[in-house]
Amino acid sequence: QWPRGTEQVTIMMLGRGDHLLQDGTGRRGGVVIEVGRRASTAAVLELLAHELFHVVNGHLLVHTPEAELDTLWFKEGLTTYAALRSMMDAGLADESWLRQRLGELVTHYFENPGSMKWTLERQVKRYWSDAAAQRLPYDKGALLALVIDARLGRGDDGALATMRWLRRLLVETAARGEAYELETLRSALVAEGLQDAARARGFWSRYVLGAEVLPIKRALAQMGWALKSET
């Protein structure tokens with residue numbers, strides 16, 4: 001059931017001059033995006049897809065106040081990934097565009113000085129003082145979503161694993177008027193079938209809580225793509 005304020009979605013676009021800068025913010029009843037004249041159509045549509053998805057992941061499904069930073073990879077990273085998939089599903093981009101965008105995410109992840117050094121706890125502690133810590137949840141979170149989709153595949157209804165995960169959280173958490181925390185996300189993912197519980201705990205410990213390098217190469221290969229270089 002959609003709560004009050006989401007019956008209609010309002011979209012406001014504001015100009016930002018002759019440059020590429022783009023930014024946006026999502027609210028329960030709509031989004032505001034700011035774009036420059038030089039921003040590409042695909043970039044604007046992706047930004048719009050990202051902010052619109054926040055109506056679901058951020059305003060229907062919400063974190064507890066104390067879990068804001070340690071679940072930011074889910075709120076922002078999963079939403080970044082969902083925007084890419086939404087573009088493809090809507091026929092607004094082709095596979096070469098998706099490969100390019102995934103390549104950019106991979107590059108940003110490997111170039112981030114904290115991606116393979118900071119545990120989640122250290123990243124959260126550095127968040128307010130380090131630009132790299134502020135950027136990491138977006139890129140690592142999106143690639144985590146990619147890895148999860150590659151590992152779990154599509155369900156009987158054809159839905160990707162990340163969307164089944166989100167759907168479970170909407171039904172079991174948001175619909176009850178509850179907010180999520182880090183353990184809520186883990187439990188829902190286990191219930192969605194991340195192999196057995198022991199292997200799921202290992203995955204969570206290594207890649208979500210820890211700083212072990214994400215198995216991106218394997219995930220891309222499972223989707224029929226190749227990672228040319230990791231450096």
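Predicted model: local features only at pLDDT ≥ 70, side-chain atom pairs only at ≥ 80, totals over all residues.
Residues are numbered from 1 along each chain as its sequence is written, and side-chain values use heavy atoms, with hydrogens and water left out.

The mean pLDDT of this protein is 86, and 88% of its residues reach 70 or more. Confidence is lowest in strand 2 (residues 22-27), with a mean of 68, and highest in helix 4 (residues 120-126), at 96. Helices here (H or I, at least four residues) and strands (E, at least two) are DSSP runs, numbered from the N terminus.

Let us walk on to helix 1, which spans residues 41-53. Its 13 residues reach 18 Å from the first C-alpha to the last, close to the 18 Å expected at 1.5 Å a residue; the expected span is 1.5 Å times one less than the number of residues. Among its buried residues are Ala-43, Glu-46, Leu-47 and Phe-53, where buried means under 20% relative accessible area, exposed over 50% and partly exposed in between, using a 1.4 Å probe and protein chains only.

Helix 2 and helix 3 meet at an angle of about 170 degrees, with their axes 10 Å apart. That makes helix 2 roughly antiparallel to helix 3, because angles over 145 degrees count as roughly antiparallel, under 35 as roughly parallel, 65 to 115 as roughly perpendicular and the rest as oblique. Axes are lines fitted to C-alpha atoms, for helices over the stretch in contact, and angles run from 0 to 180 degrees between N-to-C directions. Contact means heavy atoms within 4.5 Å.

Look at Arg-101 in helix 3 (residues 95-111). Arg-101 is buried, with a relative accessible area of 14%. Leaving aside neighbours within four places in sequence, Arg-101 is in contact with Glu-46 and Leu-84.

In helix 2 (residues 72-89) you will find Leu-78, which counts as buried at 2% relative accessibility. Not counting residues up to four places away in sequence, Leu-78 touches several residues, including Asn-57, Gly-141 and Leu-166.

Our last stop is helix 7 (residues 182-191), where Leu-182, Leu-185, Arg-186, Ala-188 and Leu-189 are buried. After helix 7 comes Gly-193, whose phi is positive, near 105 degrees.

Methods
pLDDT = per-residue confidence, 0-100.
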